[in-house]
Each structure stands twice: as C-alpha cells, then as structure tokens.
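Here is a short briefing on selected features of one structure. Please look at the sequence and the 3D view before reading on.

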Amino acid sequence: MNIKATKIIKGTLAFIATLLVLYGARFLWQNYSVAMPLNSGLKSINGVQNVVLEKPSKIYEPIIINISLNNISNFQKTYAEINEKAIQALKGKAYKINIKDTGSDELEKLYSDISIYIEKALIDGSFPSLVEKSDAIAKSIGGESKINIDSKYIYLHITKNDKSLYKLIPRQTQKAGDLK
Amino acid sequence: MNYKEHIIGAVAAIIVFLSLLGFDILPLIFLIGFAGAIYFITDSKLLKVKSSSVGEGRKDSSISFNDIGGQEIAKNELREALEFIKSNDKLKALGIRPLKGILLNGPPGTGKTLLAKAAAQYTNSIFLSASGSEFVEMYVGVGAKRVRQLFTQAKQAAKRMNRHSAVIFIDEIEVLGGKRGQNHSHQEHDQTLNELLVQMDGISSDDEVKVLVIGATNRSDMLDSALLRPGRFDRIVKVDLPDKKGRAHILKLHTRNKPLSAEVEIEAIARDTFGFSGAQLESVANEAAILAMRDESKEISSVHFKNAIEKVMMGEKLDRLPSVDEKLRIAIHESGHALIGELLFPHSVASVNVASRSNALGYVRNTQEDDMFLYTCDYLNGRIAVSLAGALAEEVLLSSRSTGASSDFQNASDLARHIVYGGMSELGIISAEDLPKEKLHNAISSILGEVEKSTLSLLNENIQILKDVSSELLDKETLSGDELRALIKKEAA
C-alpha cells in the first residue's frame, strides 16, 4: 500500500471516529443532562400523566415538550409548575410546551362557542363576563368550565364526563422567540 | 509521528457535525482556511525554494542482501560494518565510535545502489538517496543548504516512521566530494563538501536517529582526502565486476521469474559473459526474454541467451548491407581472428559473425572456461596474434589489408604495452614513467613484428582451413564455436 493511500485511510478513519465521538457525546448530553432531569422533574408534578420530548435536529430549534395531563383542579398552577421545572432543567434553552388533552368533538365545539367571548374579553377586558358565559355554555351541555387568568395567558379547562380540553390563550400577540 | 491527516480528518468531521446541527460554519471555515494557509506558508512549500530539496528517493527499502548476486565479499564487508549500527548498546558499552560512512567503490552497474538499499533494509533504516549532481548549483550556498536539508530530512523521516536509524545514499559522490581547490567554481564546491564533512562529524552514538552515509563512486581517486579519512568514510568497500560464480548467481536472480527451457545452462551463460556487470547481466536476461517473445516462444532457450549476450555486448543487429567484395573481406577477416583464436586458445571461440552490429561489420565472440586475473607473456602474445590475425588473413587471401583492422591494431598495441610495462619485453623491468616514448615505440613494434611473423606463418600453414571457414561464414553469416571446431577438425583429418 502506498503512502498516499495510507494517508487517505488515516484521514477517513479520523473523520469517522470524530463524528462517532461527537454524535455519541451529543446523545449522552441530551439524554443524561437534558431529557432525564426534565422527565423526572415534570413527572413529579401532580396531574402530569406522561411526558414526551421531541429533540430538535438543529441547534436553533426548540425542544418540544409534549405533556399529557390527568384531570387537574388548577390548570394555571399546574402550567406554572411545568414552566418552572422546564426552565430549571433546560437552563435557558428554547422550549415549547404542548399540552395533550383528551378532548372530543363536543368539547371542541364548546370551545368554539366560548372563543367568541374570549376574543371579546381580550379586546375590552370583560373577563368576569367571560367566566360567566363559558360556565353557562358548558353547563348547557352537562360539562364544566374553569377559567384562570394571569398577565400572560387565559387558562381554559373544559371537562365533560372523563374528557378534558386544555387551552392556553396568550393575552398579547405572540412575538418571535417568545415560545415559553 | 505525523498527525496531519488525523487532524484534517477530525476537523472535517467537526465541520460536518456543526453544519448538520445547524451552526453557521462559514466563519469557522474561514478561520481554518486562514490557519491552514499560514501553516502551509511557514511550514515549507512557499518560503522554501522548491528546487533546493534533495533526497526525493525517500522510501522504505525492500531489497535485501539475498536479492543481490555476485558481490559476496562486498556484501560480507558491508554486513559486518552494519552490525555496528544494529547493536548500538554493545557499541556504547565498548566505547566504540559509530560508523559514519561507508564508501562503495567500483565500476558502473555493479550494484552499488542495490547494496546501499539492502544496507538500509538490513538495519531497518529509512533510506534516502541523492546523486552528487543534485548538490551542484551555480548559486553560492545552495549545495551546503541541500546537504543540511538531506540530513534533516533523514532524521525527520526516521522519527516519523519510528525508526532509529537512517541511511543516506549519495551516488556519484565524486561530484560532491572531489578534491578541494581544483574546481573552477571551487568556492561553492568547497562549501558543499565542507558542509558534508561537518554533518558527518556531527553524527554521534547518542543521536536519537543514527545516520549512516553510504557513498558510491567509480572514481575514488578524485575524492578529497578529508572525505576518505577515518571518521568520515570509515570503510571503503570495493564493489567489483562479478566473477563467474557471481555472474551465475546474478543470472539466477534475474531469470527466476522467467520460463527457461530445460536445455538452458546458467553456468554456460555465466562463462560466456566474462566482464559483464550486474546491470548488463540483467539486460541479457531481459533481452533473452524479449527475443523469445519476438519468436513467439513460450520458453527462453539458450539461443535466445546467446543472441541476447551478443546484443548487449555489440548492440542491435543492423540492416546495413556491405557489398559482396566487402562481405568477403569481412568474412576472411573474422575467419582469421577465429582460426588463430581457436588454434592458440582451444575452445575459446563462442561464435563468429559477419552480421553488422553497432560499429562492427563482423565480430568474433570469445569465451573462456575460467575467469583470469593474471596474464602471462605467452597469453598476451597469443591475444596479440588473435588481434592481428584479421588483417593478416586479408593479406594472405586477398593480398591487401583494409581499414577495418584499426581497432584490432589498437588492441594489439595495448596488449604489447602491457608486456612492456610488465617487464616481459626485451627492455626488461622498466619504470613506466621514465621510459622514453621512442624506446616504448620500438619495444611495442618489435613485439608486434614478431607476433605478426609467427601469425602469418600459422595462417599460411592453415590456409585451406581459413578458406573453408570464410566461405562457410559467407554462406551462413554466423558460425558457432562448435561448427568452427568441427571444420578445423575435418580439415586437420
């Protein structure tokens, strides 16, 4: 084998070995430094049934945290706890929380009926009227509606029988990068 | 060790990894490119003058002493010298100064380069070869720089390849190491030689990489005495033309991968190739294979070897056609040589030819049973007779001589001079330097005259054989030694 061929083989082996090391290190870091602490932190929250992480392929993409919730009493409180754990585990890295619910077509229609009052409340601030209206609409079909409001979001939790629908409505127009 | 390719591979992998992750790698590529350019410029390529590098033949030698035939004495001497490099610990224990250089001295084509390569292989060393002429440049200081560079290259290459020793082979070292002060541009020439001497002086047994310089020359008389003193070239190994046994060995080496016919006798070919160098013997084996291919033969026969020997000795057959009269004269001339050769030295003629080759219109190829290293007066007189026999045969049969015998006369004169200088002439023992030209001329003329007389009478005694041989030769163009001997025997009976 001539020297040129040996050099090419050495260079190729170094290339492959470095790629393996880098991807291996990235896998270990994502699993042991990000996914595991985040999973255990989120699962320790009352009402969190399941957590699925979608790891981004690009560095600038956010981590998608898919969370399934049980019937919880206070959606705002649970969401705040989830947010806090995510910030702790991800240390400033971008993330996006997707709340998976067990909604049905009936609950979706109910949300559609309520949404007009939500839009109105966002414009004129008639949040007390929103709570009354949504409660009345939910009760009309035998369900229940819970609304919490803070400076950022309107937290809507509609239930009927064992079905639940969670909606998080931003109070301000979402800005680019404001993914939390 | 050289990690350049590892680094390049790793950096490429990092770039690919980062780009797949979505990083903007353009600034990184720019930085790496910039760093690479600075390394490239400072390392060698642009700041160093390209033409100043020597020792391009760097490689791992794969030739061993077993692959070299016919140089047993040189091989043994070289091997013994190389033991000093191989057993460095013993060397240190006994306080022996390391061997710095070995000079291989011998005629061209005798395998000096091969011996140097085998030496590198024997000592598991890095082998760098350069020719003396590579150090010669019109610019002052370039030769010296190249010498330094060669030694540095040898050490670096050995370190890279994890070897502890390096062999630097300088072919035609007389170009570089000629006597100082004699060259017309001697300032530069002397500087180059001085640098070589300094570098060789700098070699010590404590060096991490031990460097051995092997020089090859066929003009050791031209070398500067400083180069030949112990501590520079400690050993001078004579690499001579191979003897019969050596030739047979070389021929065996060069025919081992060639299909030989069963009737081919390597010993006979070795006998026919007296005075051939290793390179010429290689050429004989190669030419024989080419001739076999031309004949569309699957095996190389002894006829192919005979023709190959003639081709190597005399050159390719020419289609130059002499006139009928000239051809007759050539046949008579060559028959004269052959007849006297065979009469004075039985079984010495290998073949007689009137086919043109190179500068000869015809030729007689001689062979001898054993190599000869000493010549008696009778032997030399006999050889003179053979040389003169061509012209004398022309005189006997055609009553005139031709210009075709001039080289024969030159040869006869040289042989006669040997007799005079050897103290075997009527002058007795003489001092060659003090002998007046006239006396030398007279002595040579006297020898040639006597031999001419005796040869002429020998030819006249055998005039019928001469006629028969020349007519047979004219007919066949080539007569083998056996055919010639059969003709002589037939006529004698």
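The notes below cover one helix, one helix pair and the contact between two chains. The model is predicted.

**Helix 15 of chain B**
- Helix 15 of chain B runs over residues 377–398.
- Its 22 residues should span 32 Å at 1.5 Å a residue, and the end C-alpha atoms are 31 Å apart, so the two values agree.
- Most of helix 15 of chain B is covered, with 16 of its 22 residues buried.

**Helices 18 and 19 of chain B**
- Helix 18 of chain B takes in residues 463–476, and helix 19 of chain B takes in residues 481–492.
- Their axes come within 10 Å and cross at roughly 145 degrees.
- The crossing of helix 18 and helix 19 of chain B is right-handed.
- Helix 18 of chain B makes the contact through Q464(B), I465(B), D468(B), V469(B) and E472(B).
- Helix 19 of chain B contributes L484(B), L487(B), I488(B) and E491(B).
- By class, this contact has five nonpolar, three charged and one polar residues.

**Chain B against chain A**
- In chain B, 13 residues are in contact with 13 residues of chain A.
- The side of chain B that touches chain A has nine nonpolar, three polar and one charged residues.

How values were computed: Residues are numbered from 1 along each chain as its sequence is written. Chains are lettered from A and ligands numbered from 1 in the order in which they are written. This is a predicted model: local features need pLDDT of at least 70, side-chain atom pairs count only at pLDDT 80 or more; totals for chains, interfaces and linings use all residues. Axes are lines fitted to C-alpha atoms, for helices over the stretch in contact, and angles run from 0 to 180 degrees between N-to-C directions. Helices (H or I, at least four residues) and strands (E, at least two) are DSSP runs, numbered from the N terminus. A crossing is left-handed if the near helix is turned anticlockwise from the far one by less than a right angle, and right-handed if clockwise. Two residues are in contact if their C-beta atoms, placed from the backbone, lie within 7 Å. Ala, Val, Leu, Ile, Met, Phe, Trp, Tyr, Cys and Pro count as nonpolar, Asp, Glu, Lys and Arg as charged, and the others, Gly among them, as polar. The expected span of a helix is 1.5 Å times one less than its number of residues. A residue is buried if 20 or more other C-beta atoms lie within 10 Å of its own, exposed if 12 or fewer, and partly exposed in between; C-beta atoms are placed from the backbone.
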